[in-house]
Amino acid sequence: MDNPPTIRLTGHTTAFPATGDARAALRRYLDEAHRALRGDQDTDEDADDVRDLEAAIGDRLGALTGPGRAPVTGAQMAAILDGFGPVRPAGPPPPAAGQRPRGRFWCRIDEGKWFGGVCLGIAAYGDFRVDWVRTVVLLLTLVTGGLLGIPYLVLLLVLPAVPTVADYRRRRDAPRPA
């Protein structure tokens, strides 16, 4: 008796016997997961997400297969993959017709703030490193003899506070009506 083709998944040392239909369905699903996550900026995290997905699928396959059991069929694989649903990036959904992202806005950010979060808000607005912004603000304050402190205090009082940089990015990228 020939051994059936197998599937090897991340996080599992055993190979799972599967029919050609099951292998093709899994390959399409994982390819779609890679495509859906490819547009995201953080590719290392996306690769981790796909590995986690593979491991979870392997856990489900482990319950179906074993010594003396028949290979996983295309229908069984489809049922498993339907349970996971489509893979989508973790970011905000794409804007619908007639909507566009809010875009960048000025704010203070409370997470990691030193003195009010103004420098962190400027760094988030311009996608700068916060240590560079703090250095420039400090040097300009020294060069102006402390006069930069007045606009800084005004910004501290006027700008809205956002809890974290992640919240800022979520609000910046969230769709709004046109």
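**Salt Bridges, Rings and Surface**

Trainee: Aspartate 127, buried or exposed?
Mentor: Aspartate 127 is exposed, with a relative accessible area of 56%. The scale is as follows: buried is under 20% relative accessible area, exposed over 50%, and partly exposed in between, with a 1.4 Å probe and protein chains only. Please note that this is a predicted model, in which local features need pLDDT of at least 70, side-chain atom pairs count only at pLDDT 80 or more, and totals for chains, interfaces and linings use all residues. Residues are numbered from 1 along each chain as its sequence is written, and side-chain values use heavy atoms, with hydrogens and water left out.

Trainee: Which residue forms a salt bridge with aspartate 127?
Mentor: The partner is arginine 172, with the closest N and O atoms 3.8 Å apart. A salt bridge here is a side-chain nitrogen of Lys or Arg within 4 Å of a carboxyl oxygen of Asp or Glu.

Trainee: What else does arginine 172 form a salt bridge with?
Mentor: Arginine 172 also bridges to aspartate 173, at 3.1 Å between the closest N and O atoms. Within it, arginine 172 counts as buried at 15% relative accessibility, while aspartate 173 is partly exposed at 32%.

Trainee: Which residues of helix H7 are buried?
Mentor: In H7 (residues 165-173), the buried residues are Val165, Asp167, Tyr168 and Arg172. Seen down the axis of H7, they fall within an arc of 160°, so they line one face of the helix. That arc is taken from the directions from the helix axis to the C-beta atoms.

Trainee: How many salt bridges does a search of the whole structure find?
Mentor: The search finds five. One of them joins aspartate 31 and arginine 27, with 3.2 Å between the closest N and O atoms. Both residues lie in helix H1 (residues 20-38), four residues apart, about one turn of the helix.

Trainee: Changing topic, how many aromatic pairs are there?
Mentor: The count is three, where rings of Phe, Tyr and Trp (its six-membered ring) pair if their centres lie within 6.5 Å, and planes under 30 degrees apart count as stacked, over 60 as edge-to-face and the rest as tilted. Tryptophan 106 and tyrosine 125 form a stacked pair, 3.9 Å centre to centre with 15° between the planes. Tryptophan 106 lies in the loop between strand E3 (99-101) and strand E4 (108-109) and tyrosine 125 in helix H4 (residues 118-126), so the pair ties together parts 19 residues apart in sequence. Phenylalanine 115 and tyrosine 152 are also stacked, at 5.8 Å and 20°.

Trainee: Phenylalanine 115, buried or exposed?
Mentor: Phenylalanine 115 is exposed, with a relative accessible area of 51%, whereas tyrosine 152 is buried at 15%.

Trainee: Which ring does the charged end of arginine 134 sit over?
Mentor: The charged end of arginine 134 sits over the ring of tryptophan 114, 4.1 Å from its centre. The criterion is NZ of Lys or CZ of Arg within 6 Å of the ring centre and within 35 degrees of the ring normal.

Notes: Helices (H or I, at least four residues) and strands (E, at least two) are DSSP runs, numbered from the N terminus.
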